[in-house]
Amino acid sequence: MPYVYTTKQGVLNALNSGKINSIAQIDDPLRADKRLMEAVLPSIADKNPREVFMRGIHSEALKADKDFALKVCKVDGRNLASFSPELRADKDVVLTAANHDYHTIQQCRGRDIDPTLLEDKSFVKQLLDLRMDDVFQFASEEIRADKDIAMQAIDVNPRQYKYMSPELQ
């Protein structure tokens with residue numbers, strides 16, 4: 001079991017000497033400190049890219065902090081699922097997560113993104129512009145019946161044909 005740092009100074013010293021590899025090495029109460037978490041995020045992401053940072057954050061305040069969400073999702077889009085429902089409905093946050101992790105939409109299977117976003121034509125088009133073809137299958141029926149959007153989805157991935165409305169097939 002790795003050593004758990006229980007003071008802010010201890011975390012900062014360990015960070016400077018390269019000893020922080022996981023959020024689990026930081027005592028839970030310290031994980032509510034936004035500045036401290038912003039400081040350790042790049043190191044943990046570099047040393048342990050498979051770790052989804054936000055799974056170790058239990059602070060409701062951080063889970064609802066848009067600035068923090070943008071920073072964390074920019075490093076790893078998989079963190080989106082751990083933020084508040086309001087932030088999962090925020091276009092900026094979702095686009096940041098999607099832009100920095102192609103699989104954000106696919107892994108979320110549309111469930112961790114507010115469904116109203118997938119009813120917004122301009123937002124779906126933005127995600128398709130990022131070449132995120134999976135968004136099409138989770139989009140509303142109305143959007144999957146939109147010829148322009150359907151053609152854009154097929155341009156990104158021809159297999160999206162099966163998600164088009166029957167009228168367009």
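Visitor: What percentage of the 169 residues in the protein chain is buried?

Guide: This is a predicted model, in which local features need pLDDT of at least 70 and side-chain atom pairs count only at pLDDT 80 or more, while totals for chains, interfaces and linings use all residues. Residues are numbered from 1 along each chain as its sequence is written, and side-chain values use heavy atoms, with hydrogens and water left out. A residue is called buried under 20% relative accessible area, exposed over 50% and partly exposed in between, using a 1.4 Å probe and protein chains only. In the protein chain of 169 residues, the buried share is 48%.

Visitor: How many helices and how many strands does the protein chain have?

Guide: Helices (H or I, at least four residues) and strands (E, at least two) are DSSP runs, numbered from the N terminus. Along the sequence the pattern reads α-α-α-α-α-α-α-α-α-α-α, and the C-alpha atoms fill a box of roughly 60 × 25 × 20 Å along the principal axes. The count for the protein chain is 11 helices and 0 strands.

Visitor: Where on helix H1 do its buried residues fall?

Guide: Helix H1 covers residues 8-16, and its buried residues are Gly10, Val11, Ala14 and Leu15. The arc is taken from the directions that run from the helix axis to the C-beta atoms. Seen down the axis of H1, the buried residues fall within an arc of 135°, so they line one face of the helix.

Visitor: Which helix is included in what covers the buried residues of H1?

Guide: Just after H1, glycine 18 takes a positive phi of about 75°. Contact here means heavy atoms within 4.5 Å. The cover over the buried residues of H1 includes helix H2 (34-47).

Visitor: Which residues have the most contacts inside the largest nonpolar core?

Guide: A nonpolar core is a set of buried Ala, Val, Leu, Ile, Met, Phe, Trp, Tyr and Cys residues joined through side-chain atoms within 4.5 Å. The largest one has 46 residues. Elements that give two or more residues to this core include H1, H2, helix H9 (134-138) and H11. The residues with the most contacts inside the core are Met37 and Phe53.

Visitor: How do the axes of H4 and H6 lie, roughly parallel or roughly antiparallel?

Guide: Axes are lines fitted to C-alpha atoms, for helices over the stretch in contact, and angles run from 0 to 180 degrees between N-to-C directions. Angles under 35 degrees count as roughly parallel, over 145 as roughly antiparallel, 65 to 115 as roughly perpendicular and the rest as oblique. The axes of H4 (66-75) and H6 (91-99) come within 8 Å and cross at roughly 15°. H4 is therefore, relative to H6, roughly parallel.

Visitor: At what angle do the axes of H2 and H4 cross?

Guide: Lys34, Met37, Glu38, Leu41 and Ala45 in H2 meet Asp67, Phe68, Lys71, Val72 and Val75 in H4. The axes of H2 and H4 come within 10 Å and cross at roughly 5°.

Visitor: Is alanine 24 buried or partly exposed?

Guide: Alanine 24 lies in the loop between H1 and H2. Leaving aside its neighbours within four places in sequence, alanine 24 is in contact with Val4 and Arg31. With a relative accessible area of 40%, alanine 24 is partly exposed.

Visitor: What is the relative accessible area of glutamine 152?

Guide: Glutamine 152 belongs to helix H11. Not counting residues up to four places away in sequence, glutamine 152 touches Lys125, Leu128 and Asp129. Glutamine 152 is buried, with a relative accessible area of 14%.

Visitor: Which residues does aspartate 146 touch, not counting residues up to four places away in sequence?

Guide: Aspartate 146 is in the loop between helix H10 (141-144) and helix H11 (147-156). Aspartate 146 is buried, with a relative accessible area of 16%. The residues that aspartate 146 touches, with those up to four places away in sequence not counted, are Lys121 and Leu168.
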